[in-house]
Amino acid sequence: MSKKPDIAIFGSGAWGTALAIAWARQGARVDLWGHPPSLVTTLATTRRHPSLADVELPQGVRPIHDPEEGFRAGLWVSALPTQVAPAVWTDLAGRTASRPELLVSVSKGILQGSFKRVSETLEGVLGVPVGVLSGPTFADEVSRAQPSAIVLALPLAIPDGRAAELQAQVATPSLRVYLSRDVAGVELCGAFKNVLAIAAGLVESLGLGNNARAALITRGLAEMSRLVEALGGTRDTLMGLAGLGDLVLTATGPQSRNRTFGALVGKGMTPEDAAASLGNQVVEGAFTAEAALGLAHSLGVELPITREVVRLLQGADPRESVDRLMQRSLKPEAG
């Protein structure tokens with residue numbers, strides 16, 4: 001039997017793989033499991049991920065077909081697409097009596113139907129504390145060890161001393177990790193910024209200019225604030241890496257799938273064709289928009305930009321969406 005892994009990552013997409021690379025580069029033993037099995041085989045044989053083609057997997061990364069091999073790790077990381085994560089973890093939890101000290105979710109989104117955060121759902125599935133790792137980080141840059149900063153939000157069930165140890169465990173010289181106790185706030189910011197990035201892509205594709213994009217990002221942050229604060233998140237989170245930092249990156253960065261998706265839809269593509277043009281990669285903001293709107297409605301929170309993103313995904317004319325936002329009744333900026 002191989003050595004016991006330090007970390008097991010469940011989800012072999014670009015982000016899960018980038019984290020595996022970053023941690024293994026620092027000497028950690030990382031098991032990496034995911035779907036489809038053909039991707040795991042590719043990772044094992046070529047030592048490269050199709051979306052991170054110029055980066056070789058360090059020796060410490062072990063792609064695995066059997067998730068039970070990863071259950072031996074002390075730290076489990078969930079890098080599964082948001083909408084399938086609960087079902088996959090329900091299946092995984094039924095395969096073993098083993099449980100980690102902590103599960104860390106790195107997925108970004110709100111669950112459709114229940115409108116719940118991923119961490120609170122997985123906590124119920126596994127019966128262990130669930131933390132969140134989120135912030136302004138593109139997978140390709142993390143895999144190439146470019147300087148990045150991210151937030152590790154841990155529940156209070158993890159004592160302060162142990163939280164500091166976990167912070168040190170996932171930090172690397174090129175991935176600076178800040179510690180937070182605001183799990184809900186960090187997770188909601190990571191989910192909601194994808195919706196706003198779709199709107200930013202729309203503004204870009206319509207050629208509305210930098211003024212409009214700046215206004216969109218700023219008023220989008222106000223929407224994010226209303227939702228996050230209604231659910232107990234803090235202003236420090238909103239104005240930090242997980243909030244403003246991740247929003248700016250995802251709404252402006254060329255690698256952002258959500259921004260690119262919004263731009264393609266703004267140019268006249270259907271959401272289905274836009275997703276297909278991106279290689280059918282998961283565009284989390286497209287799933288999160290409706291869930292965020294439903295969550296906000298249940299809380300009595302107004303999200304006008306999000307509402308227009310939902311209408312856009314349902315086939316509304318992009319310019320009419322912009323007109324509706326510009327013609328809303330005038331109000332103080334703080335509103």
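Predicted model: local features only at pLDDT ≥ 70, side-chain atom pairs only at ≥ 80, totals over all residues.
Student: How do I read strand pairing around β7?

Tutor: Strands of a sheet pair through backbone hydrogen bonds, either parallel or antiparallel. Strands are DSSP runs (E, at least two residues), helices are H or I runs of at least four, and both are numbered from the N terminus; two strands pair if DSSP finds at least two bridges between them. Here β6 (residues 130-134) runs antiparallel to β7, with three bridges. With β8 (residues 175-180), β7 pairs in the parallel sense over six bridges, and S148 faces L175 there.

Student: Where do these strands sit in the whole sheet?

Tutor: The open sheet has eight strands in the order β3-β2-β1-β4-β5-β6-β7-β8, with mixed pairing. Its edge strands are β3 (61-64) and β8, each pairing on one side only.

Student: Is β7 buried or exposed?

Tutor: Buried means under 20% relative accessible area, exposed over 50%, and partly exposed in between (1.4 Å probe, protein chains only). Six of the six residues of β7 (residues 148-153) are buried, so this strand is largely enclosed by the rest of the structure. Both faces are covered: S148, I150 and L152 lie on one side, and A149, V151 and A153 on the other.

Definitions and conventions:
Residues numbered from 1 in each chain as written. Heavy atoms only, no water.
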